[in-house]
Amino acid sequence: MTNDKFEVLKTIISSRRSVGWAKMNGKIIPDETVNQLLSLAHWAPTHGRTEPWKFFVYGGEALKQFGKDHGDLYWDHTAEDKRQEATRDKLMHNVDLASHLVIAVMKRGENVKIPQVEEVAAASAAIQNILLGANALGIASFWSSGGMTHTHALKEYLKLGHDDIIMGLIFLGYTDESAKDGVRNSVIAEKVKWL
Ligand SMILES: Cc1cc2nc3c(=O)[nH]c(=O)nc-3n(C[C@H](O)[C@H](O)[C@H](O)COP(=O)(O)O)c2cc1C
């Protein structure tokens with residue numbers, strides 16, 4: 001059975017690819033368009049309508065400053081015998097070709113009856129909405145958990161609460177590269193058990 005809406009959605013979902021920050025071209029997305037993408041996050045399902053997300057959006061000078069701060073956070077919170085100039089440099093400059101960076105957070109609310117796993121699930125769905133919207137608009141995106149993503153230092157920098165979780169750094173931009181074919185390690189039927 002074919003259905004136009006389903007086919008459009010399937011194309012948007014299956015053609016979404018991660019485009020690494022090094023493959024972006026520096027072209028700037030209008031802030032209004034970034035807001036349109038974030039408005040898609042709002043429609044993710046949540047148990048108890050907790051809407052457990054917060055997005056820190058960096059563009060322009062703020063983006064450059066974040067890159068610098070990210071490098072500094074890495075440097076200041078990594079043991080002297082472990083830290084490397086090359087890594088610091090990479091963190092400072094991985095924003096150079098992106099248009100915006102969105103730090104996506106699972107923001108724990110008052111309703112502690114909802115298990116943490118469900119709030120993480122809801123925040124993930126919200127992020128996926130952003131990535132799919134980006135793909136539909138021809139915007140490249142990259143969900144990264146690199147650098148200081150999962151550190152207490154970045155949580156402090158963002159003034160997050162103890163139970164909040166940084167879900168990832170979402171790089172947004174444009175690319176000149178043509179879309180890659182998706183690679184998957186399995187076929188979906190292996191992951192599905194019909195009873
Ligand atoms: C929670 C999460 C964290 C990720 N972190 C990274 C990362 O740090 N570095 C990276 O290269 N890709 C990262 N990715 C992207 C995956 O590498 C990518 O989704 C996967 O290779 C499949 O490719 P596709 O997104 O183009 O389909 C992350 C994806 C998710 C969901």
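**The core and its surroundings**

Reply: Among the 195 residues of the protein, 30% count as buried, where buried is the word for a residue that has 20 or more other C-beta atoms within 10 Å of its own, exposed for one that has 12 or fewer, and partly exposed for one in between, with the C-beta atoms placed from the backbone. The model is a predicted one, and for that reason local features need pLDDT of at least 70 and side-chain atom pairs count only at pLDDT 80 or more, while totals for chains, interfaces and linings use all residues. Residue numbers start from 1 along each chain, as its sequence is written.

The protein has six helices and four strands, both taken as DSSP runs numbered from the N terminus, with helices being H or I runs of at least four residues and strands being E runs of at least two. Read from the N terminus on, these elements follow the order α-α-β-α-α-β-α-β-α-β. The C-alpha trace spans about 60 × 45 × 35 Å along its principal axes. The radius of gyration, taken over C-alpha atoms, can be set beside a globule rule of 2.2 Å times the number of residues to the power 0.38; for 195 residues a compact globule would have a value near 16 Å, and the 18 Å of this protein agrees with that.

Now to the core itself. A nonpolar core is a set of buried Ala, Val, Leu, Ile, Met, Phe, Trp, Tyr and Cys residues joined through C-beta atoms within 7 Å. In soluble globular proteins, nonpolar side chains tend to be buried together. The largest such core here has 39 residues, and within it Leu101, Ala104, Ile170 and Leu172 touch the most other members. At least two core residues come from each of helix H2 (31-41), helix H3 (60-76), strand S2 (100-106), helix H5 (116-136), strand S3 (140-144) and strand S4 (165-173). H5 gives the largest share, seven residues.

Which residues does Leu101 touch, not counting residues up to four places away in sequence? They are Tyr58, Leu63, Phe66, Val95, Leu169, Ile170 and Phe171, and a touch, or contact, is counted when two C-beta atoms, placed from the backbone, lie within 7 Å. Over the whole protein, 83% of the contacts between residues at least 6 apart in sequence join residues at least 24 apart.

Strand S2 also holds Val105, which counts as buried because it has 22 C-beta neighbours inside 10 Å. Leaving out residues up to four places away in sequence, Val105 touches Trp53, Lys54, Leu160, Asp164, Ile165, Ile166 and Met167.

On the H1 side Ile12, Ile13 and Ser15 take part, and on the H5 side Leu132, Asn135 and Ala136.

Finally, consider helix H2, where Thr33 is found. Thr33 counts as partly exposed, with 17 C-beta neighbours inside 10 Å. From C-alpha to C-alpha, Thr33 and Val95 are 19 Å apart in space, and in sequence they are 62 residues apart.
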